Amino acid sequence: MQEPSAQPVHAHAPPKGFLRNYVFSLDHKVIGKQYYGLGLLAVFIAMVLSWIMRFHLVWPTVGVPGLEFLSKAGAPGGVITPEYYLSLMTMHGTLMIFFVLTNAPFAGFGNYFLPIQVGAADMAFPKFNMMSFWVTFVAFLVLITTFFIPDGPPISGWTAYAPLSAVGNDAGPGLGWGQSLWAVSIAIFCIGQLLGSLNFIATTLDMRAKGMTLMRMPSCTWAWFITACIGLMAFAVLLPACLLLILDKVAGTSFFIPSGLVVGDKLQRHAGGSPLLWQHMFWFFGHPEVYIAILPAMGIVTHVLITSMRKPMLSAKVIIYSMMSIGFLSWLVWGHHMFVSGMNPFSSLLFSFPTLTITIPATIVTLIWLGSLYGADIQINSASLFALGFISMFVSGGISGFFLAQPSIDIYLHATYFVVGHFHMVMGVAAIFGIFSGTYFWYPKMTGRMMNETLGKLHFWFSFIGTYCIFMPFHYLGLVGNVRRYSTFVDDYMAPYLPVHKFISIAAFITGAGQFLFLFNLIYSRLRGKEAPANPWNATSLEWSIPSPPPWDNFGGKHPVVYHDPYQYGVKGIKGDFVMQDSPELIVEE
Amino acid sequence: MSITTFPPVTGQAPPLPPQGSAAKAAETKLRSPSASTSGIWIGIFAITMSFAAFTSALFVRQGSGDWIHVVLPRLLYVNTAVLLVSSITLEMARRAYGNIQEREAGSLRTTLLWLGVTLAFGFAFVAGQYMVWKQLAAQGIYLATSSNSSFLYVLTGVHAVHVLGGITGLLRLLVRMTRKQVTLRMSSVANTAIYWHFMGVLWLYLLLVITVRL
């Protein structure tokens, strides 16, 4: 129930004019959609890049029409050079990790729904919020610029390992201006994420409605909050790392470049730097980044599944505690990316132990999902299908994590397709399934229209089967010794496995094409979709207590009051089977 | 589970924000003051984390063994004194603004005076750091000269950028205080002061690192 109030409730004046409404908006809902839109743009660019790479891997002599217009040197006649393959791979990884997996589930959905779910009219700092998006957008533009400079994008991968990333063009194309722009882009991105994380944390701590205790927040709000805490620490370390890399590149310092380094037959005029320092700083951010991508998806999936099962989870609270443990442990494990860096075997052991420990909270969460699903009369729709798909990906991709967490096995599997298959399933596709689940679930709230369910389900089966067809064989290829980052395998020891690569590539084209169903559905439903009621899923959290789409100040000039835990489903003795969080009815346990 | 009606309202809620003038309040909401305070502390946490990263980098980098100590310009200590004194003057400004009688009488003279002095000290600190870089350059010590000089420039430079952020905050206070109708809340002044004091504390830490390690 909402108390009528004469109190003004919004943190800024109603928007006036086109610019304030749609471009430089202070409204968290518009900013959330902007982040989501940027993620969508980035994911399609990155997907096309992966298509080009998959095509080249199996038909290395056939040109891709039109590609030479992008880079004459990198793709003469449309056939990409090994270096340009690496450039595309770098851009695929950077776009996906930063601009898709961080933007959409965390900054996108989080911006839109966190304030509403805690009963606030907006984020704590709307101007910072607007800045955080536009800073991120500038970072995106800077990154994309690398496609159009003569040098091309860097070839160092999304991890930009020093010293090769720091010595400039001597180490290969794209490592001059391309790499500098990459570092500048990521540094700017960090600033945007820091502003965003600050907003998320302050809003969660201080802007909650009356009665909204911390434990009454829905699982996804918790996930965004924990993610913001991780992001605040992770991006605060990546930013200095990028600054030092930029200085090594443009100012001649030697933070990461060692003495006596000869690259491309040239002695580098640097002294004393430590290449491992970059790896430490990068992975201290890089591993928590994995959880920045996956935790929001875990929260969203929990939220969607409970609604679809019409009954509470075995323990939504343990899920929250587990997410906190994962967040905490994420700080202790960065060295497991560096097992082959020559580190002391005892250090490897120290990093291996907490890595294996993370599987405990992750398993607890999974078991709670599965245990709650057991015997549940789940409503099958696109949102719940993708949530179930998420669990499937999370488990399938997570199991290979057990292997990689152990130094003795990782040394064999390092830099093979096994690793690529592992992280694509457990953090890449799983997080994207979380985004899809959230999209099908919240689209009615965000636009006031329902999405087309038939197209949604079709999209699910394309994505689900396709993902397994692509990434399961990756594990197999890795086990037989197929190294990553090679642009072609036709005339070496991997030739016998070319048919597997062909299968993967064809699966990738079909699965990718299936994503256009989603894009079509997004646009078609916005124009022709059935009008959405305020609460189409009979859900309980605060976002469903307001009209679809919500008014600019969310609660229509009222202060919501919260009376219940977020998931009161399966309640007997009332019309319907659920009690909304702001409903003043008292639930008595029988 | 079954259901009966009407219920206790439980849970803690943040206090409603204090009201400015009625007309102003009708169109905007002043955010909960505690959010701003949280924001400042969260920001301080992130900055601390960044400097922890720089310090770790320094320790790792020192392991390479090409560590040549830099003779620090004495001006660095003068700048330290300037920054610390500016914290005291800002505290005077904050207390003066907290004096309700004076505020209600519409007189912010004491506050503005101390704020002006703080700003002058703030600018003096940044200018002083610039002079330090000039002196180093005059000795032939540039950013890329040695690993020590690299860290010296980076640490002082990044700190100076954060001080400039603080100066922007102080200027914002000054502008808001010189308006006809002063709607600036006490907490805004207090939060800016927290940030400014943190700049002082951070500088003391950096000075320690610089003198001991560089």
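Phe51(B) and Phe54(B) both belong to helix 2 (residues 33–62) of chain B, where they sit three residues apart, about one turn of the helix. The structure is a predicted model, with scores of ipTM 0.91 and pTM 0.92. Across all chains, a search of the whole structure returns 63 aromatic pairs; two of them are described below.

**Aromatic pair in chain A**
- The ring centres of Phe98(A) and Phe189(A) are 5.4 Å apart and the ring planes meet at 75 degrees, so this pair is edge-to-face, given that angles over 60 degrees fall in that class.
- Distant parts of the chain are linked by this pair: Phe98(A) lies in helix 4 (residues 82–117) of chain A and Phe189(A) in helix 6 (residues 177–206) of chain A, 91 residues apart.
- Phe98(A) has a relative accessible area of 0% and is buried.
- Phe189(A) likewise counts as buried, at 0% relative accessibility.

**Aromatic pair in chain B**
- Phe51(B) and Phe54(B) form a tilted aromatic pair, with 5.8 Å from centre to centre and 55 degrees between the planes.
- Both residues of this pair, Phe51(B) and Phe54(B), are buried.

**Confidence in chain B**
- Chain B has a mean pLDDT of 83, and 82% of its residues reach 70 or more.
- In residues 4–30 of chain B the pLDDT is below 50, and this stretch has 57 contacts in the model beyond near neighbours in sequence.

Conventions
Residues are numbered from 1 along each chain as its sequence is written. Chains are lettered from A and ligands numbered from 1 in the order in which they are written. This is a predicted model: local features need pLDDT of at least 70, side-chain atom pairs count only at pLDDT 80 or more; totals for chains, interfaces and linings use all residues. Side-chain values use heavy atoms; hydrogens and water are left out. Rings of Phe, Tyr and Trp (its six-membered ring) pair if their centres lie within 6.5 Å; planes under 30 degrees apart count as stacked, over 60 as edge-to-face and the rest as tilted. Helices (H or I, at least four residues) and strands (E, at least two) are DSSP runs, numbered from the N terminus. Buried means under 20% relative accessible area, exposed over 50%, partly exposed in between (1.4 Å probe, protein chains only). pLDDT is the predictor's confidence in each residue, from 0 to 100. Contact means heavy atoms within 4.5 Å.
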